[in-house]
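These questions and answers walk through one protein structure. Please look at the sequence and the 3D view before reading on.

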Amino acid sequence: MNSGEMLKDKWTKVIAVTGGAGFIGSNLLLHLVPKYPDYLFVNIDCLTYAANLSSLTGIEGAPNYRFKRLSIGDYLDLERCFEEFPFDVVLHLAAESHVDRSIYGPSDFVETNINGTFNLLELARHRHETGRGIRFIHVSTDEVYGSLGDDGSFFSESSPYRPSSPYSATKAGSDHLVHSYIKTYGLDAIITHSCNNFGPRQFPEKLIPLVINNILNRREIPVYGNGQNIRSWLYVFDHCRALDMVLHNGQKGATYLIGGGNDIRNLDLIQRLCRMVDEKLGISGSERLITFIEDRLGHDYRYALDSSRIRSELGWKPAYEFDQALEFTIQWYLEHQDWLNSCISGEYMKYYDVNYKRKLAES
Ligand code: NAD
Ligand code: DAU
């Protein structure tokens, strides 16, 4: 028996989770690893600036968890990993994920989001074509559908692709590759599109942790444009529960939209966060940190999702109420300021200066 066969014998499923040291990936592993002790989870992550292994301390010693530090952009490394582990499932989350960074430097986005996904698909196709079943779950975003107006409409599974940013264009490109592998090779793949996630362990370049971090550091809170853009928010644990259901019961070839239904204008959300953080800290006046700056280039106005398919087919619905989830999130960041401080090292401040310094000075 070779080592792959031994692993197959020992574990009910062997699952690759790419990007498992990032925000959603780490929350997903913390959800799945203890829940399925008879599955082996292999976290494939090259540890970019957005990764944080300390997010995974809760499971790092678990017998059914392994970590492989490699880039999905490197085909040979990835191939060796697929030879070592007889994957039954790939949960693909690794990506360059921040819209602002994609505006200043799109090339890493093409490399990871398109070429990296292509490498994974090729390895999955080889397994599929040699008769070893493999399920490929591609975690995508609502941003591939572009921007909505004020007409109360929603994106659905059949909405046309209209990405606005280099980030969403590369996610769209990777989705098209997945669609083609489903149609051409019959790969058992599923694409999920979720709206804006928030919760513990999110890198503080994204709006909610950025606001909390800036309040804690008494730094300006930069608001793009007039703050009237609308985002739809989903607590990360609800996203993880949805991915768990898709993994086990999702239909081959399907697309699922995962929306929390918490649609709110950026400025309203930021003001709410200021009040909630102030109340927890016993301070006041954080709203005075709000600073309007030049708009993000290509800024999408509104996203909203019709998630009736995943609700009716798989019985998913969000378990957390928005304000309660915001409160848990704020509490987590207040209790994990070491984690937050470990993110805002030299690289973060360099990015922060490039993205905000001139805009804040001109505001
Ligand atoms: P993140 O930026 O927090 O984490 C990404 C992870 O991928 C990091 O750990 C990073 O090290 C890893 N990674 C990046 N390039 C890699 C490479 N070449 N090889 C291996 N690992 C690499 O991202 P996130 O917010 O957790 O998003 C995860 C996925 O979910 C992404 O595909 C993103 O497009 C999608 N998504 C995110 C949201 C959201 O609101 N955060 C919403 C919808 C979809
Ligand atoms: O919709 C899903 C997407 O949500 C994911 O695919 C992306 O990976 C994720 O980054 C997120 O993209 P957004 O661009 O919507 O998220 P971000 O947190 O960067 O911004 C949310 C909104 O807040 C957006 O309208 C821009 C605004 N914003 C953001 C930042 C960081 C500000 O006004 N000021 C800021 O400093």
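Helices (H or I, at least four residues) and strands (E, at least two) are DSSP runs, numbered from the N terminus. The model is predicted: local features need pLDDT of at least 70, side-chain atom pairs count only at pLDDT 80 or more, and totals for chains, interfaces and linings use all residues. Residues are numbered from 1 along each chain as its sequence is written, chains are lettered from A and ligands numbered from 1 in the order in which they are written, and side-chain values use heavy atoms, with hydrogens and water left out.

Q: In which strand is Leu-234?
A: The strand in question covers residues 230-235. Leu-234 falls within that run, in β9.

Q: Is Leu-234 buried or exposed?
A: Buried means under 20% relative accessible area, exposed over 50%, and partly exposed in between (1.4 Å probe, protein chains only). Because its relative accessible area is 1%, Leu-234 is classed as buried.

Q: Which residues is Leu-234 in contact with, leaving aside its neighbours within four places in sequence?
A: Contact means heavy atoms within 4.5 Å. Among the partners of Leu-234 are Ser-194, Cys-195, His-239, Ile-258 and Trp-316.

Q: How many Å apart in space are Leu-234 and Asn-43?
A: In sequence these two residues are 191 residues apart. From C-alpha to C-alpha, the separation of Leu-234 and Asn-43 is 23 Å.

Q: Which residues touch the most other members of the largest nonpolar core?
A: A nonpolar core is a set of buried Ala, Val, Leu, Ile, Met, Phe, Trp, Tyr and Cys residues joined through side-chain atoms within 4.5 Å. In soluble globular proteins, nonpolar side chains tend to be buried together. The largest core here has 45 residues, and the members that touch the most others are Phe-41 and Leu-91.

Q: Which strand gives the largest share of the shell around ligand 1?
A: A residue belongs to the surroundings of a ligand if one of its heavy atoms lies within 4 Å of it. By this rule 28 residues surround ligand 1, with Ile-24 and Asp-45 among the closest. Elements that each supply at least two residues include α2 (23-35) and α6 (166-185). The largest share, three residues, comes from β5.

Q: How much of ligand 1 does the protein bury?
A: A polar contact is a pair of N or O atoms within 3.5 Å. An oxygen atom of ligand 1 is 2.9 Å from a polar backbone atom of Thr-48, and a nitrogen atom is 3.1 Å from an N or O atom in the side chain of Ser-71. Accessible areas come from the Shrake-Rupley method with a 1.4 Å probe. Taken alone, ligand 1 exposes 830 Å², and the share that the protein buries is 96%.

Q: Which residue has a polar side-chain atom 2.8 Å from an oxygen atom of ligand 2?
A: The side chains of Tyr-167 and Arg-296 each have an N or O atom 2.6 Å from an oxygen atom of ligand 2. At 2.8 Å, the residue is Asn-266.

Key
A polar contact is a pair of N or O atoms within 3.5 Å; within protein, one must be able to donate a hydrogen and the other to accept it, and residues adjacent in sequence count only if both atoms are side-chain atoms.
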